[in-house]
Amino acid sequence: NGQNQAISPASLGAALGPSVIKGVAAKLGKSEEEVTTQLSQLLPGLVDKLTPKGRLPTDDEVAK
């Protein structure tokens, strides 16, 4: 629970790996730097939406 911590573009790129970043960048027609920057800004909010109670929802909760 609480605010999610930010992740730097460099840390996100390292966590996903260069091949994933290159693939996403190619599919989106963006630079690798743009992809990691934008994803690092979106990730905390996405995690917040996917884990509203501070944990992954159960199958029953998802089905509702």
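Me: What is the accessible surface of the protein chain, and how much of it belongs to carbon and sulfur atoms?
Reply: The accessible surface comes to about 5000 Å², with 57% belonging to carbon and sulfur atoms. Areas come from the Shrake-Rupley method with a 1.4 Å probe, and for residues only the protein chains shown count as cover.

Me: What sort of model is it, and which limits apply?
Reply: It is a predicted model, in which local features need pLDDT of at least 70 and side-chain atom pairs count only at pLDDT 80 or more, while totals for chains, interfaces and linings use all residues. Residues are numbered from 1 along each chain as its sequence is written, and side-chain values use heavy atoms, without hydrogens and water.

Me: How many helices and strands?
Reply: The protein chain has 4 helices and 0 strands; these are DSSP runs, with helices being H or I of at least four residues and strands E of at least two, numbered from the N terminus.

Me: Where is threonine 36?
Reply: Threonine 36 is in helix 3, residues 32-50.

Me: Why does threonine 36 count as buried?
Reply: Because its relative accessibility is 10%; buried means under 20% relative accessible area, exposed over 50%, and partly exposed in between (1.4 Å probe, protein chains only).

Me: Which residues does threonine 36 touch?
Reply: Leaving out residues up to four places away in sequence, threonine 36 touches Pro9, Leu12, Gly13 and Ile21, where contact means heavy atoms within 4.5 Å.

Me: And how much of the whole protein chain is buried?
Reply: Of its 64 residues, 16% count as buried.
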